[in-house]
Amino acid sequence: MRKSIIILIALLGVGWVVWNLHTVLLQLPDDADQGPVYRIMFFHIPAWFSAGIAVFIALGSSIGYLITKNLKYDAVALATTEAAVAFLTIGLVTGSIWGRISWGIWWTWDARLTSALVCWLLYAGYLVLRTAIEEPSQRARISAVLQIFAFADIPIVWYSIEWFRTQHPGPVLRGSGEMDGAMKAAVYANWPALMLVAAAFVLLRLRQEEVKREIDSLRRIVHAG
Amino acid sequence: MDQRNIEFMFYGLASAWVILGVYALTLLTRERKIDAELKRLRGLVENREETK
Amino acid sequence: MTFWRHTWTVLTKDLRAELRTKEAVNASFSFAITILLLISFAFDPTEEMTREFSGGLLWIVFAFAAVLILNRSYARELPNDCLDALIASPAPASAIFLGKALSNLFLLLAVEAVCFPVFGIFYNVRWIGQFWPLLLVVVLGTWGLTVVGTMFSALTVNIRLREVMLPLLLYTTMIPGLLASMQLTVHLLAGEPLSTAFVWLRFLIGFDVIFTALALTFVDTVLVG
């Protein structure tokens, strides 16, 4: 039952992304300055948004675990962090490919790019740390604390690097942003679609953690018998 | 210039799909492994209860 | 008042243990000197080059030297279950942590105190005129390194791959602190007054305050649970 719901969400998300792809590729005109390559944006920006939301949920559930000591919160933190790392990777890779054309370089140490990379390193470190601890409650406790440290580090990293020149364009969705309305709509349309895909990942991962706990208790029964 | 531009748009979009696909694949292989392990353990526990 | 007495006890105990065996300090010390000499020998930098990369070089050496000390900080307590005894003692986890952090600070400062003359001689850099501002920067940067490092040393003490996990987590989290320290060091070694780099100094102090507060808040969760 639950598995079919997850599959349904995943199919819905992927279908929506494909549908958006049709709009993006065939209906929107090329960008006046950049040409067709700007279409990477329709994955790039929603991927960052999704990763950002996942990171917030991961922080919330880590704090939730420390307060309640309920391993379900820990599973949520793990599942959302994994999804966040997947989407951070998409953001970094698509951004780099886009930058190769529109800036002429793969990478530059500007504020946004550097903080994004540090974010990726921090959360990847979190996932690596988890693999090194066997005992579930110890793992949950230690990784929850690390999650809080990682989250606190992000704004500090951001400010530390902001004092160098920034190459990445500022916000284009709000304020004095100059993005065309139809393009903006396409970015916003792709966001919930990618969020659905992310939700399917998270739900599947959560289910796996539950099954793992069941496996652990069965193992104990087998060994005890 | 234009040819490269379109090429890189393709690379960008494809890389996003590839990363999603790779992550989905790791999830699915883990799923298969976990399910097999669960089935095996359940079988063990049932066997033991029958012999008792 | 008792809190500080407990801190003092742990601090003197750790320093005494280290001074008797010298196992961490010796390794850290010889490593730092070797790297400094090797880089001087390999690149034979001019005065102009040295000025530009001095901050980066020194702080990378300090960060590597720090890990050699920090790895032993809690691991030293593992034989004979000393760590359990420490936790079971009336001293609160935060006092144990603070004592250990201060002890690591002094040890690392001692290593750095030897590094600076070596650096001055082999790279032909005159830093003695900037002694006091440089001391301030070094103490602040080293405190950031030891407070985050001692915290992560506590996080990783009971896990497999401890020696790998500590630097992995420490270096990513320390990026802003190290960046500020590097900037300030380069600035001072170029002969500029501290007052013109005040933003970085304020930033470094902020970094230290935030992570000291976070570490003191969460060390209890990590050690005791």
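Helices and strands are DSSP runs, of at least four residues for helices and at least two for strands, numbered from the N terminus. The model described here is predicted. Read along its sequence, chain C follows the pattern α-α-α-α-α-α-α-α. Its secondary structure comes to 8 helices and 0 strands. Along the principal axes, the C-alpha atoms of chain C fill a box of roughly 55 × 35 × 30 Å.

Burial and contacts were then computed for this chain. Of the 225 residues of chain C, 46% count as buried. Contacts in chain C were considered between residues at least 6 apart in sequence; 85% of these join residues at least 24 apart.

In soluble globular proteins, nonpolar side chains tend to be buried together. In this model, the largest nonpolar core has 142 residues. A:Ala84 and A:Phe87 have the most contacts inside this core. Helix H3 of chain A, residues 71-102, supplies the largest share of the core, with 18 residues. Leaving aside residues up to four places away in sequence, A:Phe87 touches A:Ala47, A:Ser50, A:Ala51, A:Ala54 and A:Ala198.

Chains A and B also meet. Here, 25 residues of chain B are in contact with 30 residues of chain A. On the side of chain B that touches chain A, 15 residues are nonpolar, 3 are polar and 7 are charged.

Terms used:
Residues are numbered from 1 along each chain as its sequence is written. Chains are lettered from A and ligands numbered from 1 in the order in which they are written. This is a predicted model: local features need pLDDT of at least 70, side-chain atom pairs count only at pLDDT 80 or more; totals for chains, interfaces and linings use all residues. A residue is buried if 20 or more other C-beta atoms lie within 10 Å of its own, exposed if 12 or fewer, and partly exposed in between; C-beta atoms are placed from the backbone. Two residues are in contact if their C-beta atoms, placed from the backbone, lie within 7 Å. A nonpolar core is a set of buried Ala, Val, Leu, Ile, Met, Phe, Trp, Tyr and Cys residues joined through C-beta atoms within 7 Å. Ala, Val, Leu, Ile, Met, Phe, Trp, Tyr, Cys and Pro count as nonpolar, Asp, Glu, Lys and Arg as charged, and the others, Gly among them, as polar.
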